[in-house]
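Biologist: Could you walk me through this model before I set anything up with it?

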Amino acid sequence: MYEGADGNWTNFELPSILWFTTVVILLSSVTMQWAFIAAKKDDTKTVRLMSVLTSILGLVFLIGQVLGAIQLGKEGVRLSGNPSGSFVYILAGVHAVHLVSAFILVLFVLVNSFRFKNSRKYLLQIELCTTYWHFLGVLWLYLFVFLLLLR
């Protein structure tokens, strides 16, 4: 339970939904990689499907993060107050902003999959998007483990 803003690091339980969102973000890396592999094979239909799935999983992750923040708030963990709560909100918030930017890149990949018949025309875009998406997935995994150890 959260104890207030006395300047000491307060321990609290992370919302269980964060376990679910961690699995979701890892699955989204699989679908993004699948889209990239499909693009190298000029399999535009699969690129579209995997881009849509990646987008959906990204949205599920973000919604889960918001639900986790709401749960923390209900438990008395706030952005202002004890540094431990502020730390969690800032880390998760900055990660969410980066994920939104990656989500926009996935949407560009999806749009281009409808504009071009040949996936190789936007292969570099898919490759960069995939790399960025994987980076954010690994970063979340690191942050999640870090927060678990610090709680």
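Predicted model: local features only at pLDDT ≥ 70, side-chain atom pairs only at ≥ 80, totals over all residues.

Biologist: How many helices and strands does the protein chain have?

Modeller: The protein chain has four helices and zero strands, in the order α-α-α-α along the sequence, where helices (H or I, at least four residues) and strands (E, at least two) are DSSP runs numbered from the N terminus. Of its 151 residues, 40% are buried, meaning under 20% relative accessible area, with exposed over 50% and partly exposed in between (1.4 Å probe, protein chains only).

Biologist: And which residues lie nearest the centre of the largest pocket?

Modeller: Those are Gln65, Ala69, Tyr89, Ala92 and Gly93, out of 13 lining residues. A pocket here is an open set of points on a 1 Å grid over the protein atoms alone, where a 1.4 Å probe fits, with protein on both sides within 12 Å along at least five of seven lines, and lining residues have an atom within 4 Å of a point.

Biologist: Which helices supply its lining, and how much space is in there?

Modeller: At least two lining residues come from each of α2 (44-74), α3 (83-115) and α4 (123-150), and the largest pocket holds about 160 Å³, a volume being the space filled by probe spheres set on the grid points, which are joined across faces, edges and corners.

Biologist: Switching to the surface, which residues make the nonpolar patch?

Modeller: Leu59, Ile63, Val66, Leu67 and Ile70 form a nonpolar surface patch of about 440 Å², and Val66 belongs to helix α2. Patch residues have over 30% relative accessible area and no salt bridge, with nonpolar side chains (Val, Leu, Ile, Met, Phe, Trp, Tyr) joined within 5 Å and like charges within 9 Å; a salt bridge is a side-chain nitrogen of Lys or Arg within 4 Å of a carboxyl oxygen of Asp or Glu.

Biologist: What about the phi of Asp42?

Modeller: Asp42, in the loop between α1 (17-40) and α2, has a positive phi of about 55 degrees although it is not a glycine, and Asp42 counts as partly exposed because its relative accessibility is 31%.

Terms used: Residues numbered from 1 in each chain as written. Heavy atoms only, no water. Areas by Shrake-Rupley, 256 points an atom, 1.4 Å probe, with all protein chains shown as cover.
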